[in-house]
Amino acid sequence: MNLNSRLAAGFVAIALILAGPLSFAVWSLFHLKGDSVELRDRDFGGSIALGKLRDGLRDVRHQELALLFSKDTTSRNAMDVQIKRVAALADSLKTFDLKDFARDIGASIREVASAAPAEYKAALAGDTTRADSISSRVFVPALTRADSTVLNAERSLQLRAAELVDSQTSKITQTTTASIIALVLALLIAGSISFWLTRSISGPIDDLESGMSSVAGGYLEYDLKIPNDRTDEFGRLAVSFREMTRQLMELDKLKAEFVSVASHELKTPINVIVGYLQLLDEGVYGPLTPKQTEIHKTVANQAQTLSRLVKQLLDVSRFEAGGGRLEPRQIRLDRLLKELESAFHVLALQREIVFKVDEAPGLPTEVYWDLDRINEVLGNLLSNAFKFTPRGGEVDLTISPDGSNVRVSVRDTGAGIPPEQVPRIFEKFFMADNQSAARAAGSGLGLAIAKGIVEAHRGSISCESMLGAGTTFSITLPPRVPRHSQRVVGVVG
């Protein structure tokens, strides 16, 4: 049963269960009006006040932790406001005939309030040792005493209410007419409440579900219809949701800044090194001896490798930070396959590997992808296939329909991957134990970049491999990239 059905069934059951007690309670309520008012205004009101006070004490703890963590004036002001609110709640207990408890709780709150400025000062000054000391010596004990007093007050209030109810229970008798009226009213009210609660709950749940789906899909600007000023659970969930999206956008911004810093700090000095190596090679600084030429060649090769690694790492970081933007455009699938077949034909001849390209019927003529990025993915997968396949082996590139999507598979008859390592091959810098079969060493970033590009296209990539028999990489892509997938948060990792 879904939530709406369970709520409807539950309220019907409640109406039926309450029908019997209500029939006996109606007559007694006419005679117990004064006691009911007292119970409502004093005991029930006191219970609500104690509940708010307990929540307020918990919020004071949370605000203190936020202050110690954030060390900013916003947290300080929020904590100060919360302490004043709790003090006011404690003072309000006097109106519910809970003066002794109000006095004890007020004393604890005043102790907290008197120590708060010192803790504020220490926290804002970054003196975490002093701030933690004040917290452990004053705040925690005082709030614990206040919590204990609230618990005792609740127990006292429960006993007092129980005594009042017990004293009046004996006065309740049956009345036929009132019982029938109460039964009908109870059923009508219960049915109305069930309908109202079902409508009031299903709407916010659907809104929150849509919001979470949007966030999971990388769209952080989703605007909830639930107002922040709602005082129920949905209001608090809405506040938490908006705070979550705000923090995610801040994190997105920080990651983008990291990419920018990395690009400036890493690429620039490497380009300088490569530039000077080119000048040395051109003889600008004089001729090189044979030994210097050999060393120069080694350094140049390593510099080019480092430059390539930095580029790959920045590509991974951009996709993780949501900075890996796509530029989708119309692509003819037959032309894409012909270009790939032509690009790897010479390599297949050189390494004596049978290279086959197969296009299954039922495919769309055109797709809407980022051509450069998809070429990068397929080029990486094909390069790996040729790298791990021995002479005389086979490499197949197959494209076929997969429901409403397009499936591209790259299969080889190479060394294969140990089964326990297959789940990790898309991790950054991870390289399987089959590297000895490769014709050249890798960096461990190519598959991580490929995964990021595929998921940015709202697709998926998977791997099946058998050690010693070969590996198959499969990519499933929608024929048209959704608009909001052109910028994706956290697609790799």
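Select helix H3 (residues 73-92) and helix H4 (residues 99-124) in this predicted model. Their axes come within 9 Å and cross at roughly 170°. Angles over 145 degrees count as roughly antiparallel, so H3 is roughly antiparallel to H4.

Now show the side chains between these helices. On the H3 side, the contact includes Thr73, Arg76, Met79, Asp80 and Ile83, along with Val86, Ala87 and Ala90. H4 meets them with Ala102, Ile105, Gly106, Ile109, Val112, Ala113, Ala116, Glu119, Tyr120 and Leu124. Sorted by class, the contact of H3 with H4 has 13 nonpolar, two polar and three charged residues.

Next, move to the largest nonpolar core, which has 45 residues. Select Phe355, Trp369, Leu382, Leu397, Ile425 and Ile475, the residues that touch the most other members. Among the elements giving two or more residues to this core are helix H9 (333-350), helix H10 (371-388) and strand S4 (394-402). H10 supplies the largest share, eight residues.

Centre the view on Leu382. Beyond its neighbours within four places in sequence, Leu382 is in contact with Leu340, Phe344, Phe355, Val395, Leu397 and Val410. Another core, of 35 residues, lies apart from the largest one and includes Leu50, Leu93, Val112 and Ala116.

Finally, turn to the aromatic rings. The whole structure holds five aromatic pairs. Select Phe344 and Phe386, a stacked pair with 5.7 Å centre to centre and 5° between the planes. Phe344 lies in helix H9 and Phe386 in helix H10, 42 residues apart. Both Phe344 and Phe386 are buried.

Technical notes: Residues are numbered from 1 along each chain as its sequence is written. This is a predicted model: local features need pLDDT of at least 70, side-chain atom pairs count only at pLDDT 80 or more; totals for chains, interfaces and linings use all residues. Side-chain values use heavy atoms; hydrogens and water are left out. Axes are lines fitted to C-alpha atoms, for helices over the stretch in contact, and angles run from 0 to 180 degrees between N-to-C directions. Helices (H or I, at least four residues) and strands (E, at least two) are DSSP runs, numbered from the N terminus. Angles under 35 degrees count as roughly parallel, over 145 as roughly antiparallel, 65 to 115 as roughly perpendicular and the rest as oblique. Contact means heavy atoms within 4.5 Å. Ala, Val, Leu, Ile, Met, Phe, Trp, Tyr, Cys and Pro count as nonpolar, Asp, Glu, Lys and Arg as charged, and the others, Gly among them, as polar. A nonpolar core is a set of buried Ala, Val, Leu, Ile, Met, Phe, Trp, Tyr and Cys residues joined through side-chain atoms within 4.5 Å. Buried means under 20% relative accessible area, exposed over 50%, partly exposed in between (1.4 Å probe, protein chains only). Rings of Phe, Tyr and Trp (its six-membered ring) pair if their centres lie within 6.5 Å; planes under 30 degrees apart count as stacked, over 60 as edge-to-face and the rest as tilted.
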